[in-house]
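Please examine the structure shown below. The paragraphs that follow lead through its charged pairs, its sheet and its nonpolar cores.

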Amino acid sequence: MAIDAPEIIRQPVSVTRKMSASLPELRAIAQANGLTIHHLGAGYPNPEVTDPRGFIAHEQAFFEHLRERQGLNDPEALPEFLRESYNYTDTLGPASPREAFAAVYGADWGVDMAPELLLPTVGATGGISLVCSLFERPGTPVAYITDAPTYAGFLARATLCQHARIYSVDLDDEGPDLGQFRAAIEQARADGYRVGCYYTIPDGHNPAGFSFSGPRREAILEIAREEGILIVEDAPYVYISYAAAEDRPAPFFAMDPSQTVHLFTGSKIGLPGPRIGFIYTEAELAIRDGEKVALLDLLLTEAAADVLFQNPQALWSFESLLVDENFERRESLWPVAEKKLDVYRENRRILLDGLDAELVAYRDRVSWTVPEAGFFSVFTFHDDSIVTDDDFIAKLVAEHGVVVIPMYGFYPADALERNPRAGLDQLRLSFGFTERTGDERVKDLTEAVEAFGRAIEAILP
Ligand SMILES: Cc1ncc(COP(=O)(O)O)c(C=O)c1O
């Protein structure tokens, strides 16, 4: 017997989830047609950089080092990191990993970070959820401004709340449209919503496949200041960067930490399994009766009641990433990123060179973004007869063995109202993931891009 719960509303399934659910069936059809499956869909880190064995060896050596250091006076005594790792901790988690992270990350981005303003989260996903629940808690109508398209995980979380509404802003090749950005804020207010924040991914945008320009960031920040709204900056790809150091635009939190809620995750620079993340913000909110409170204090209360405690051992483990082979604190995380970038740079080159080579004759009919960071390029058809809906995607798998993600599902409802064809001329191509590693990674990705090129040739009228 079903339990009666008429107030529960069925949530739409995200486009990436829908794709992975339908993949086994599509794969069987492709294989029955004698085709190899080519992955350009999965947005995961590459298995070549997520082999945990090197990480675990260094982590264990770091723990041994802590054991010796913290047991200096009494070898029988329980080392502090071990006690904390298996105990209830403060909601902020152990101090040492936060201090190390504030020093190293702050130095990389030129921010004098205060460790007490770092709140551990369960990855960036946990950060998104926490920020949303803070704005949703009063139970009054709340608006989120975000990009069209935007991250599927944000859409999934924001649309859970029945009194929240998304107002989206179209992107051009530098970032969000400034006129629309201000208009979205004004419209939300005119409709009776309190604007919670603007959520975005300025570096290596997932799924839009590019990074916002420096001037556009400045302009967005200026409007955010004038309108009094927070920028929630989701930053999983800041280190998965292909730009020369001098060309990297500053993240919002480096431009103004008092206007920004920065979401860091260890999933891409480290490993995704432990789901380490931090919120950093110096913002203050004026609450009832004009009282000013640190946003972090509000988030802390929310976290204490919501996730209870993150895993303190995972935070200590994360600290091992912040020290070198001699257990000296690193000056920067870039050398850690560099090991991963070898793989991602090569993958990106394979994709971009492959598309150039395969589709040279079609340059006026298709285009693709050249990402300065992250895992994604957006491929666009300039041909009204092509509609990249579910049938198109299924056909690409069944007839060509190529797996890509359709873009339409990344567009919030209001963007689809503005333009019912939004995203239906686009595909998200991912070059992060391959099933195999080393030379076989290169071979698999090269073949995937070739197969994609052939499929496009076959599809274009
Ligand atoms: C924009 C964006 N935010 C958040 C996440 C998830 O981060 P985490 O693994 O820290 O939950 C991803 C991962 O794909 C992402 O692309």
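In this predicted model, the side chains of R53 and D51 meet in a salt bridge, with 2.6 Å from N to O. R53 counts as exposed, at 60% relative accessibility, whereas D51 is partly exposed, its relative accessible area being 35%. Side chains of opposite charge can pair when their charged atoms come close.

Across the whole structure, a search finds 26 salt bridges. One of them joins E48 to R441, whose closest N and O atoms are 2.7 Å apart. This pair links distant parts of the chain, 393 residues apart: E48 sits in the loop between β1 (38–39) and α2 (53–70), and R441 belongs to helix α15 (residues 438–459). E48 is partly exposed, with a relative accessible area of 29%, while R441 counts as buried because its relative accessibility of 4% falls under the limit of 20%.

A further salt bridge is formed by E302 and R137, with 2.8 Å between the closest N and O atoms. E302 lies in helix α10 and R137 in the loop between α5 (123–136) and β3 (142–148), so the pair ties together parts that are 165 residues apart in sequence. E302 counts as buried, at 9% relative accessibility.

Helix α10, which carries E302, spans residues 295–306 and lies across β2, β6, β7 (260–265) and β8 (276–280), running at about 35° to β2. These strands belong to an open sheet of 7 strands with mixed pairing, in the order β2-β8-β7-β6-β5-β3-β4. At its edges are β2 (118–122) and β4 (164–170), each of which pairs on one side only. On average, neighbouring strands of the sheet are turned by 25° against each other, direction ignored. Within the sheet, strands β5 (residues 194–200) and β6 (residues 230–234) run parallel and are joined by 4 bridges; I231 in β6 is the bridge partner of Y198.

The nonpolar side chains remain to be considered. The largest nonpolar core has 82 residues, and F379 and F452 have the most contacts inside it. Helix α12 (residues 334–358) supplies the largest share of this core, 10 residues. At least three residues come from each of domain 1 (15–49 + 335–459) and domain 2 (80–322). Beyond its neighbours within four places in sequence, F452 is in contact with residues including L40, L355, F379 and V402. A second, separate core has 31 residues, among them C132, L134, V142 and A303.

Methods
Residues numbered from 1 in each chain as written. Predicted model: local features only at pLDDT ≥ 70, side-chain atom pairs only at ≥ 80, totals over all residues. Heavy atoms only, no water. Core = buried A, V, L, I, M, F, W, Y, C linked by side-chain atoms within 4.5 Å. Buried < 20%, exposed > 50% of the residue type's maximum accessible area, 1.4 Å probe, protein only. Helix = DSSP H or I, 4+ residues; strand = E, 2+ residues; numbered from the N terminus. Domains from an automatic or database assignment. Contact = heavy atoms within 4.5 Å. Pairing = 2+ DSSP bridges. Axes fitted to C-alpha atoms, helices over the stretch in contact; angles between N-to-C directions. Salt bridge = Lys/Arg side-chain N within 4 Å of Asp/Glu carboxyl O.
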